[in-house]
Amino acid sequence: MTPNQPINISTNQLFNYTLHLADNNLILGHRNSEWTGHGPVLEQDIALSNIALDLVGQARNFYQYAAQLKNDGSTEDTFAYLRDANEFKNVLLVEQSNGDWGKTILRQFLFSVYQYYLYQQLEKCSDRTIASITEKALKEITYHIRWSSEWVIRLGDGTIESHARMNNALHELSEFTDELFIPASYEIEIARQGIMVDPVFINARWREKVEAILREATLPFLSEDNNKQSLSGKEGQHTENLIHILSEMQSLQRAYPGCEW
Amino acid sequence: MNLLKKFYYGDLPEQKASANDPSLTGEGREGAAAWPLWEIFIRSKQGLDHKHVGSLHATDAQMAMENARDVYTRRQEGVSIWVVESRHVHASNPDDAESFYDPANDKVYRHPTFYDLPDELKHM
């Protein structure tokens with residue numbers, strides 16, 4: 001294992017893409033875990049903590065595969081704990097603040113639906129490791145959609161206050177949904193190699209599902225020209241939120257490198 | 001003596017307890033205390049019967065089902081869930097214990113151990 005072993009461009013793009021998948025899950029998992037012990041009721045505290053664990057578990061699988069691709073002695077922990085914000089490739093949506101329960105629910109819903117249709121494609125992709133990780137994850141994601149969409153409907157079509165809060169959450173998060181479907185350089189490359197479909201492909205399905213649930217929740221759908229966001233989280237350009245997440249998540253490994261307990 | 005009174009499922013005076021007991025009205029509990037209580041029954045992979053595993057709060061049957069999944073099956077405990085709203089469970093009164101159960105104490109003849117079984121009958 002030589003640390004500076006050159007890796008060819010195609011492996012490199014697959015490596016970047018694997019990190020992107022992992023980072024999405026790690027950051028959203030971490031965000032959700034911030035609710036642990038603070039959930040509105042005990043049962044929902046556990047429910048959201050379970051989802052956080054599912055997401056971190058999926059992230060670990062992808063990081064382990066990324067370490068295998070990199071083959072320079074990196075481990076899953078290297079990627080999670082020793083990279084800076086500009087090296088993270090997660091979409092901006094998952095790093096947004098928890099806000100109130102409604103915003104957390106909506107963020108989970110918008111992301112889970114995206115993840116569902118994306119993983120349905122990845123499950124059939126030519127990379128066998130990614131195919132098997134996503135196949136296993138799909139069962140978990142199916143439940144995440146069920147759980148979060150019930151809450152979106154319950155709150156959207158609930159009281160005047162819950163409806164107003166969901167409206168507000170929709171307003172805050174809608175500027176980050178377009179990024180999901182704007183391919184990053186590595187997504188274009190691996191789509192070209194036939195490993196994965198272009199993310200534009202899943203946009204229509206995502207929209208259809210999200211629209212159906214929002215309609216039931218008596219909430220307006222996000223308008224097409226909502227995208228005022230010029231950053232690309234996928235390419236390592238992040239909102240300030242990610243820096244705060246990382247400074248907490250990585251503080252132990254940064255202060256005591258290699259520590260175990 | 002009254003302090004030691006044990007409540008059984010179905011006769012827990014929920015409304016009264018939540019209004020008066022400060023331990024139940026902590027932060028965030030107001031919402032859940034207003035939600036009805038549900039009894040949860042889980043059937044394990046091996047078992048044929050659903051066993052009572054505990055209770056939880058939920059606004060409706062669907063939420064009770066999802067909460068039960070998240071609270072009681074996260075360690076592979078089950079393959080089937082029943083939820084029953086607690087108010088539909090009618091429990092016997094512990095004060096009736098003497099008249100309900102003691103009379104059976106001296107009626108051993110109710111056990112099927114006094115019959116001579118024919119030799120042809122196996123596996124009994």
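The model is predicted. One salt bridge is counted between chain B and chain A. Its partners are the side chains of Glu66(B) and Arg146(A), with 3.0 Å from N to O.

Three elements of chain B each supply at least two residues of the side that touches chain A: helix H2 (29-34), strand E2 (51-57) and helix H3 (61-72). The largest share, seven residues, comes from H3(B). By class, the side of chain B that touches chain A divides as follows.

| Class | Residues on the side of chain B that touches chain A |
|---|---|
| Nonpolar | five residues |
| Polar | five residues |

In total, 16 residues of chain B are in contact with 15 residues of chain A. The two chains bury about 1,400 Å² between them, and 48% of that area lies on carbon and sulfur atoms. Within chain B, the most area is lost to chain A by Glu66(B), Arg69(B) and Asp70(B), which together make up 35% of what that side buries. Glu66(B) is also the residue that meets Arg146(A) in the salt bridge.

The sheet of chain B comes next. Three strands form an open sheet in the order E2-E1-E3, with antiparallel pairing. E2(B) and strand E3 (80-85) of chain B are the edge strands, each pairing on one side only. From one strand to the next, the twist averages 30°.

Strand E1 (residues 37-43) of chain B runs antiparallel to E2(B), and six bridges join the two. Within this pairing, Trp38(B) has Leu56(B) in E2(B) as its bridge partner. H3(B) packs on the sheet and touches E1, E2 and E3 of chain B. The direction of H3(B) makes about 115° with that of E2(B).

How values were computed. Residues numbered from 1 in each chain as written. Chains lettered and ligands numbered in written order. Predicted model: local features only at pLDDT ≥ 70, side-chain atom pairs only at ≥ 80, totals over all residues. Heavy atoms only, no water. Contact = heavy atoms within 4.5 Å. Buried area = accessible area lost by both parts, 1.4 Å probe. Salt bridge = Lys/Arg side-chain N within 4 Å of Asp/Glu carboxyl O. Helix = DSSP H or I, 4+ residues; strand = E, 2+ residues; numbered from the N terminus. Nonpolar A, V, L, I, M, F, W, Y, C, P; charged D, E, K, R; others polar. Pairing = 2+ DSSP bridges. Axes fitted to C-alpha atoms, helices over the stretch in contact; angles between N-to-C directions.
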